[in-house]
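Please look at the sequence and structure first.

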Amino acid sequence: MACLVSRTGRELQRYNHMGFRQVVGCIPYRFKYNEDGMKISNEYEVLVISSQKGQGLMFPKGGWELDESLEQAASRESLEEAGVLGKVESQLGKWRFISKSQGTYYEGYMFPLFVEEQLDLWPEKHVRERIWMPVAEAREVCRHWWMKEALDILVKRLTIGEQNDNDLLATDDL
């Protein structure tokens, strides 16, 4: 059973040695399927969410707290903000950025999340929309430059993985 309440407050919030608030985000993704439930080659789509303030679309992200690992924080944010569960994969990178609205410095970590379950109820269901879309479209609508860079890294990683899978299939035929 998933927790249906989002964490709030800054008591457990992590900051780096320069005083930057540390945040963690995920790029939820899944393979595309046709109406019959058949996987469409190696095509995939990503899940974006609306900002709580309604100012554009982005990937789930939030504060990294003292009582959790980076991966646990990434998984928690995906559950709280997007209502998805899955496998957190290896880190895509670390970025430093400044919040335009608050003038605050942040250090952000991004991870891919291979989605295994999408929930009908989740903590922020009533304050956020979630939308599955092709990668190219998500890159266009995402409001944060550092999340776009993380998406580019994920695409490269998945593309290399596909090439390696195809190489293995070709050698199996020999």
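The model holds 8 aromatic pairs. Rings of Phe, Tyr and Trp (its six-membered ring) pair if their centres lie within 6.5 Å; planes under 30 degrees apart are stacked, over 60 edge-to-face, the rest tilted. Tyr29 and Tyr44 have ring centres 6.2 Å apart and planes at 70 degrees, so they are edge-to-face. Tyr29 sits in strand β1 (residues 21-33) and Tyr44 in strand β2 (residues 39-50), so the pair ties together parts 15 residues apart in sequence. Strands are DSSP runs of E, at least two residues; helices are runs of H or I, at least four, and both are numbered from the N terminus.

Tyr29 is buried at 4% relative accessible area. Tyr44 is buried too, at 13%. Buried means under 20% (1.4 Å probe, protein chains only).

Phe97 and Trp146 are stacked, because their centres are 4.4 Å apart and their planes at 15 degrees. Phe97 lies in strand β6 (residues 93-98) and Trp146 in helix α3 (residues 145-172), 49 residues apart. Both are buried.

Tyr29, Phe31, Tyr44 and Phe114 form one aromatic cluster.

Two arginines sit over rings (CZ of Arg within 6 Å of the ring centre and within 35 degrees of the ring normal).

| Charge | Ring | Distance to ring centre |
|---|---|---|
| Arg14 | Trp64 | 4.0 Å |
| Arg30 | Trp132 | 3.8 Å |

This is a predicted model: local features need pLDDT of at least 70, side-chain atom pairs pLDDT 80 or more, while totals for chains, interfaces and linings use all residues. Residues are numbered from 1 along each chain, and side-chain values use heavy atoms, without hydrogens or water.

Notes: Buried < 20%, exposed > 50% of the residue type's maximum accessible area, 1.4 Å probe, protein only.
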